[in-house]
Amino acid sequence: MEWELGDDDRMLVEGAREFARGELIAKDKVWDEKEQSLCGILPQLAEMGFMNLRIRSEYDGLDCPMEVYSHILHELAYASPAVAVDLSVHNMVGEVLQTFGSEELRRQILPTWGTAESLGTFAISEPDAGSDPSSIQTTAELKGDHYHLNGSKMWITNGLSGRWFMTLARTGKGKKGVSAFWVDGNSNGIERLAIKGKMGQRGSELVSVHLDEVEVPVGCRLGREGQGLQIGLAALDGGRIGIASQASGISEACLDEMCAYAKERQQFGRPIADFQAIQFMIADSLVELDASRALTLAAARLHDAGKPYSVAAAEAKLYSTEACNRVAYRAVQVHGGTGYVNESRVERLYRDARVTTIYEGTSEIQRIVIARGALK
Ligand SMILES: Cc1cc2nc3c(=O)[nH]c(=O)nc-3n(C[C@H](O)[C@H](O)[C@H](O)COP(=O)(O)OP(=O)(O)OC[C@H]3O[C@@H](n4cnc5c(N)ncnc54)[C@H](O)[C@@H]3O)c2cc1C
C-alpha cells in the first residue's frame with residue numbers, strides 16, 4: 001500500500017527506511033545473538049533525529065506528526081523491532097513531559113531530548129502490578145520540598161542506560177492516590193538489575209529497578225497529586241500507536257522474507273510459490289499487513305487532528321500485534337525446517353513478534369478498552 005506524504009516527511013521516512021535496511025538488520029542479528037544492549041547506537045539514532053520526533057519545535061524537537069512518526073517506527077521495526085520499541089518508549093516519555101511537566105522542567109529537559117544521553121524510560125509496572133497499574137505499591141512520601149520514593153519497578157525498557165524515569169508512585173490510597181514523577185536516573189538510591197533470557201527483541205534492555213529513599217523535588221511531579229493514573233494511561237494511548245507501528249514493521253519484514261523464499265525454494269520440481277497453499281499464506285499476510293497499517297494510521301490521524309483516539313489506538317494495537325504473530329507464524333511455516341533455526345531471519349522475527357501482544361497493555365486489556373468504548 002502507498003501512503004501520501006509531503007516532501008519533508010517523505011525524506012524522514014525514506015531516511016529511516018534506508019538506514020534500517022542498510023545498517024540495522026545486521027546489527028540487530030548481533031544484538032539478538034549476544035543479548036547485547038543496542039544502546040551503543042543511540043548517538044547515531046540521535047544524529048538522525050529519531051530521538052526527539054514528538055517534541056515540539058519550541059523545545060528544539062522535530063514536531064513530527066503522529067502519522068509520520070508511525071511510518072518511521074514501522075520502517076525501523078522492519079529491521080530491528082528492538083530499536084523501534086526503545087525509540088517508541090523514549091519518544092512517548094518525552095511527550096508525557098511535554099504535556100504534563102511544569103514549564104520550568106520542560107525548558108530544562110526537552111531541549112536535550114534529542115541526545116543519546118537523555119534516554120527515557122517508562123517505569124510503571126511492578127512485580128505485583130502489571131495490567132492493573134492502580135495496584136502499584138511504590139510510595140512517594142512528601143518530606144519538605146522533596147518526595148521520597150520507595151519500591152520496586154519491573155520490566156523497564158531502556159532501564160540500564162536510561163537517564164530519566166517517568167514513574168508512578170502512591171501518594172495516597174486507591175486510584176486517586178497515584179501520582180506521576182519525573183526521576184533523574186542519577187539520583188541516589190536507584191538500583192538497576194538487568195533481566196536476562198528474553199525470548200525476542202533481545203537488543204532492548206529490560207530491567208528491574210529498586211528505589212530506596214530516592215529524593216524527587218516537588219517540581220518534578222507531573223500534573224497534580226492523584227493525577228498519576230490518568231497521566232500513565234494517556235501516555236499508553238499514544239504508546240499503543242507506536243507498538244502497532246512496530247508490529248506492522250515486523251509483519252512486512254516477515255512477508256518479504258516469505259515471498260523471497262517461496263520464489264527461490266524448489267520442491268516437486270517447481271518453486272513452492274507455485275503452490276496455492278503457499279500463495280494463500282502470502283495473501284492472508286498481505287491483507288493483515290495492510291489492515292494493520294490502515295488501523296494504525298487512522299488512530300494516528302485522529303491524534304494529529306486533536307480528536308479522541310484512545311479506542312482507535314487500542315484497536316490498532318490489538319489488531320496489528322495479533323496479526324504480526326500470525327504473519328510471523330506463517331513466515332516460519334513457509335520456510336519449513338529452515339525457518340526453525342536461527343540462520344533464518346524469520347526465526348528471530350517470530351520471537352520478536354511475541355511480546356507485542358503483551359507490553360503496553362495485553363490484548364485482553366485492549367479488548368476491555370475497545371468494549372468499554374462500544375458500550376458507553
Ligand atoms: C519485554 C517487555 C518490556 C516491557 N516494558 C515495560 C516498560 O518499559 N515499562 C513498564 O512499566 N512495563 C513494561 N512491561 C510490562 C508490561 O507492560 C506488562 O508485562 C503487561 O502490562 C502485563 O502485565 P503482567 O506481565 O503483570 O501480566 P498480568 O497483568 O499479570 O496478566 C497476566 C494475564 O492475565 C490477563 N489479565 C489481566 N487482567 C485481566 C482482565 N481484567 N481481564 C482479562 N484478562 C486479564 C492478561 O491479559 C495476561 O494474559 C514490559 C514487559 C515486557 C515483557
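The structure is a predicted model, so please read the values below as computed from its atoms. The chain holds ten helices and ten strands. Its C-alpha trace extends about 80 × 45 × 40 Å along the principal axes. How does the radius of gyration compare with that of a compact globule? For 376 residues such a globule would come near 21 Å, and the chain has 21 Å, so the two agree.

Inside the chain, 50% of the 376 residues are buried. Looking at contacts between residues at least 6 apart in sequence, you will find that 76% of them join residues at least 24 apart.

| Domain | Residues |
|---|---|
| domain 1 | 7-118 |
| domain 2 | 120-226 |
| domain 3 | 230-375 |

Let us turn to domain 1 and domain 3, whose C-alpha centres are 21 Å apart. Their contact draws on 19 residues from domain 1 and 22 residues from domain 3. Which helices supply at least two residues each to the side of domain 1 that touches domain 3? They are helix H3 (66-79) and helix H4 (81-100). H3 gives the largest share of this side of domain 1, with nine residues. By residue type, the side of domain 1 that touches domain 3 consists of twelve nonpolar, three polar and four charged residues.

Notes:
Residues are numbered from 1 along each chain as its sequence is written. This is a predicted model: local features need pLDDT of at least 70, side-chain atom pairs count only at pLDDT 80 or more; totals for chains, interfaces and linings use all residues. Helices (H or I, at least four residues) and strands (E, at least two) are DSSP runs, numbered from the N terminus. The radius of gyration is taken over C-alpha atoms; the globule rule is 2.2 Å times the number of residues to the power 0.38. A residue is buried if 20 or more other C-beta atoms lie within 10 Å of its own, exposed if 12 or fewer, and partly exposed in between; C-beta atoms are placed from the backbone. Two residues are in contact if their C-beta atoms, placed from the backbone, lie within 7 Å. Domain bounds come from an automatic or database domain assignment. Ala, Val, Leu, Ile, Met, Phe, Trp, Tyr, Cys and Pro count as nonpolar, Asp, Glu, Lys and Arg as charged, and the others, Gly among them, as polar.
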